[in-house]
Amino acid sequence: MRILPRKFGGIFQLAKKLAESSTYGHFRHGAVVARGGSIISLGVNSDKYCSVGREYRSEDRGNPTYHAEIRALLNIPRHITKGSIVYVARCSKDGNEVRMSKPCSMCHAVMQERGVRKVYYTVDNDVVGTYKF
């Protein structure tokens, strides 16, 4: 974990705005996919069934829904997502607080399959977590 770098502030603000626009009641996530300094895709979670997620989620975890990370990566060819960085933010139901948004195992598997290089995720308003593939 580390303090939110200033250079990522704008990307995380965008991810948070996306999270605020989520209609999913329990967890509101937004994701930004960037490569080579350019934003290539955006995603927001929802409660709609995601057939792609079924491949990566165990049945005992329930039906897969569209997570922000999956939605952001879904319609982009792998040759474009390979080497990209994904930024994920989660906000509280009222949108006032930033929460933990570490990707779940299903999203992790999708990002790995799509060739994502690194993930940054919010922990709270000031701290981000990160990991590499």
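Which residue in β5 is the bridge partner of cysteine 91? Valine 98 is that partner. Keep this pair in mind as you look through the close-ups below, which come from a predicted model.

**View 1. Strand β4 and its covered residues.** Let's begin with strand β4, which spans residues 85–91. This strand is mostly covered, with 7 of its 7 residues buried. Ile85, Tyr87, Ala89 and Cys91 point one way from β4, while Val86, Val88 and Arg90 point the other way.

**View 2. Strand β2 beside β4.** Here you can see strand β2, residues 28–35, pairing with β4. The two strands run in the antiparallel sense, and 7 bridges join them. To find your place, look for arginine 28, which stands opposite cysteine 91 of β4.

**View 3. Strand β6 beside β4.** Strand β6 covers residues 118–122 and pairs with β4 in the parallel sense. This pairing has 4 bridges. A handy landmark is valine 88, whose bridge partner in β6 is tyrosine 121.

**View 4. The hairpin of β4 and β5.** Strand β5 is made of residues 98–99 and runs antiparallel to β4, with 2 bridges between them. This is where you meet the opening pair again: cysteine 91 and valine 98. Between the two strands of the hairpin lie 6 residues. In this hairpin, glycine 95 takes a positive phi near 80°.

View 5. Side chains of opposite charge can pair when their charged atoms come close. In this view, lysine 16 and glutamate 20 meet through their side chains in a salt bridge, at 2.7 Å from N to O. Because they sit 4 residues apart in helix α1 (residues 9–21), about one helical turn separates lysine 16 from glutamate 20. Lysine 16 counts as buried, at 14% relative accessibility, whereas glutamate 20 counts as partly exposed, at 26%. Lys17 joins in as well: Lys16, Lys17 and Glu20 are linked in a network of salt bridges.

**View 6. Salt bridges formed by two arginines.** The side chain of arginine 99 meets that of glutamate 97, with a distance of 3.7 Å from N to O. Arginine 99 is partly exposed, at 32% relative accessible area, and glutamate 97 is partly exposed too, at 40%. In the other pair, arginine 114 forms a salt bridge with glutamate 113, and their closest N and O atoms are 3.5 Å apart. Arginine 114 is buried, at 16%, while glutamate 113 is partly exposed, at 37%.

Notes:
Residues numbered from 1 in each chain as written. Predicted model: local features only at pLDDT ≥ 70, side-chain atom pairs only at ≥ 80, totals over all residues. Heavy atoms only, no water. Buried < 20%, exposed > 50% of the residue type's maximum accessible area, 1.4 Å probe, protein only. Pairing = 2+ DSSP bridges. Salt bridge = Lys/Arg side-chain N within 4 Å of Asp/Glu carboxyl O.
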